[in-house]
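Here is a walk through one protein model with its two ligands. Have the sequence and the 3D view open, and follow along strand by strand.

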Amino acid sequence: MGIEQISPALIIGTGLVGASIGCALSEAGVVVHLKDRDRSHAIVAAGRGAGRLEAPDPAQVKLVVVATPPAVIAQVVAASLEKYPNAVVTDVGSVKTRITSDLQALHINLRRYVGGHPMAGSHQSGPLTAAPELFVDRTWVISARPENPDWAVERTRQLALTCQARIRELDAAEHDRAVAEVSHFPQLVASLTAARLAQVPSEDLRLAGQGVRDVTRIAASDVTMWRQIVSANTAPIREQLVAMRDDLDHLIGALDDPRVVIDLLTRGNEGVRALPGKRGKRPDEVISVVVEIPDAPGALGQLFASITTNGVNIEDLSIEHDPDRPAGYLSIDVAPERADALRQLIREHGWGLRS
Ligand SMILES: NC(=O)C1=CN([C@@H]2O[C@H](COP(=O)(O)OP(=O)(O)OC[C@H]3O[C@@H](n4cnc5c(N)ncnc54)[C@H](O)[C@@H]3O)[C@@H](O)[C@H]2O)C=CC1
Ligand SMILES: O=C(O)C(=O)Cc1ccc(O)cc1
């Protein structure tokens with residue numbers, strides 16, 4: 001079994017996630033058709049290699065991927081089950097129980113609907129930010145239901161595998177509880193933190209370093225989409241918020257007690273260590289080497305030419321722009337045993353090391 005079981009595929013909703021799936025499937029050789037309520041999104045997605053604009057023959061379509069905003073997923077799934085009689089219909093929505101209950105309320109036969117959720121994306125939206133590698137080595141949750149035949153689940157697995165993701169099978173309620181913990185609650189905490197910054201005078205904001213940027217990045221996410229995600233998963237999210245309110249009350253009451261502060265900071269360290277990093281690596285298993293790079297054409301390329309000739313295996317990269325000077329700081333994550341050699345190499349090539 002291979003890509004032929006999902007080709008041709010139709011992607012409905014060609015924003016960040018839909019267009020990225022289209023790019024990954026097209027690169028793997030799947031014939032992909034694109035459809036979006038806003039045709040300009042489908043045109044941009046097609047221009048980025050996500051697939052073709054012409055409508056497919058409905059009877060031929062083997063897989064429909066619904067990648068619209070959460071609030072309309074159930075109605076698009078329902079319409080697709082009717083319009084594409086031989087297709088498995090899956091979706092990428094961030095909450096799973098609500099979609100199923102909305103579909104059940106419509107008395108729709110759900111044999112050919114298999115819920116899915118790739119745990120990868122970003123705070124950006126729209127097809128311009130799409131990338132075929134978005135899902136590589138990331139988790140893709142499949143929420144199959146007892147009435148799904150094996151062949152229908154198998155096509156959904158093939159979708160995730162073709163995007164090079166790692167499959168995790170979870171029922172809808174388990175999924176929604178888990179994503180409340182690791183995605184929806186952190187999103188709201190990032191928004192709460194960033195919302196406080198909106199009250200801070202601009203001269204104080206100039207003192208901001210990478211730390212506050214790290215904890216607020218996802219607060220820049222799309223408001224409409226996140227409002228829909230939160231309102232579809234309120235019960236598990238509320239549980240997390242209440243637990244945090246208890247922690248906050250305790251901390252506020254005992255801020256002068258160093259033991260309480262140490263306990264919180266220690267538990268914070270434990271939480272960070274508990275998070276798996278790239279390919280299962282934990283964050284403490286990589287070291288960040290930071291290099292200053294001039295904001296000039298070709299600078300990044302030259303730096304990479306300097307470091308990649310020596311077989312340095314880069315685990316991750318991020319860049320921070322200096323607010324005052326035309327310079328940036330490239331953070332290169334490598335295995336701890338390679339960090340000194342990388343620093344040496346960077347110095348030898350005359351680049352400014354920052355850590
Ligand atoms: N943004 C992220 O990081 C992730 C998002 N998701 C889920 O993926 C879905 C899509 O999110 P994004 O790609 O970020 O959003 P997006 O805003 O980039 O794309 C959504 C697309 O759906 C189109 N659309 C809206 N209503 C439609 C309709 N009725 N029929 C056809 N097309 C329609 C929009 O024009 C837009 O092009 C959401 O349900 C979200 O929960 C899942 C994983 C990650
Ligand atoms: O930007 C990030 O780091 C994300 O975690 C993006 C994201 C947003 C919504 C999802 O349902 C899954 C992933």
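Find Val-66 first: its bridge partner in β4 is Asp-91. A word on terms: helices (H or I, at least four residues) and strands (E, at least two) are DSSP runs, numbered from the N terminus, and two strands pair if DSSP finds at least two bridges between them.

Before going further, note that this is a predicted model, where local features need pLDDT of at least 70, side-chain atom pairs count only at pLDDT 80 or more, and totals for chains, interfaces and linings use all residues. Residues are numbered from 1 along each chain as its sequence is written, while chains are lettered from A and ligands numbered from 1 in the order in which they are written.

Back to β4. Which way do its residues point? Val-88 and Thr-90 go one way, Val-89 and Asp-91 go the other, and all are buried. Buried here means that 20 or more other C-beta atoms lie within 10 Å of a residue's own; with 12 or fewer it is exposed, and in between it is partly exposed, with C-beta atoms placed from the backbone.

β4 is one piece of an open sheet of seven strands, in the order β2-β1-β3-β4-β5-β6-β7, with mixed pairing. The edges are β2 (32–35) and β7 (166–169), each pairing on one side only. On average, neighbouring strands in this sheet are turned by 25 degrees against each other, direction ignored; axes are lines fitted to C-alpha atoms, for helices over the stretch in contact, and angles run from 0 to 180 degrees between N-to-C directions.

| Strands | Sense | Bridges | One bridge pair |
|---|---|---|---|
| β4 and β5 | parallel | two bridges | Val-89 and Tyr-113 |
| β5 and β6 | antiparallel | four bridges | Gly-116 and Ile-142 |
| β6 and β7 | parallel | four bridges | Thr-139 and Arg-166 |

Is β6 mostly covered or mostly open? Strand β6 (residues 139–143) is mostly covered, with four of its five residues buried.

Now for helix α4 (residues 97–105). Its buried residues are Thr-97, Arg-98, Ile-99 and Leu-103. What covers them includes α3 (70–83), β4 (88–91), β5 (113–118), α6 (172–197) and α9 (223–232). Contact means that the C-beta atoms of two residues, placed from the backbone, lie within 7 Å. Just after α4, His-107 takes a positive phi of about 55 degrees.

There is a second sheet to look at. It is open, has four strands in the order β9-β10-β8-β11, and pairs antiparallel. β9 (316–321) and β11 (352–353) each have a single partner strand, so one side of each is left without a neighbour in the sheet. Helix α13 (residues 336–348) packs on this sheet and touches β8, β10 (327–334) and β11, its direction making about 20 degrees with that of β8. Strand β8 (residues 287–294) is joined to β11 by two bridges, running antiparallel, and Val-291 stands opposite Leu-353 in β11.

On to the ligands. A residue counts as near a molecule or strand if its C-beta atom, placed from the backbone, lies within 6 Å of it. Of the 28 residues around ligand 1, Gly-13, Gly-15, Val-17, Gly-121 and Ser-125 come nearest. The elements giving two or more residues to this shell are α1 (16–27), α3 and α9, and α3 has the largest share, with four residues. By class, the shell has 13 nonpolar, twelve polar and three charged residues. Here Ala, Val, Leu, Ile, Met, Phe, Trp, Tyr, Cys and Pro count as nonpolar, Asp, Glu, Lys and Arg as charged, and the others, Gly among them, as polar.

What surrounds ligand 2? Its shell is Ser-94, Met-119, Gly-121, Ser-122, His-123, Ser-183 and Ile-218, which divide into two nonpolar, five polar and no charged.

Finally, zoom out. The protein chain has 13 helices and eleven strands, and 34% of its 355 residues count as buried. Its C-alpha atoms fill a box of roughly 60 × 55 × 35 Å, taken along the principal axes.
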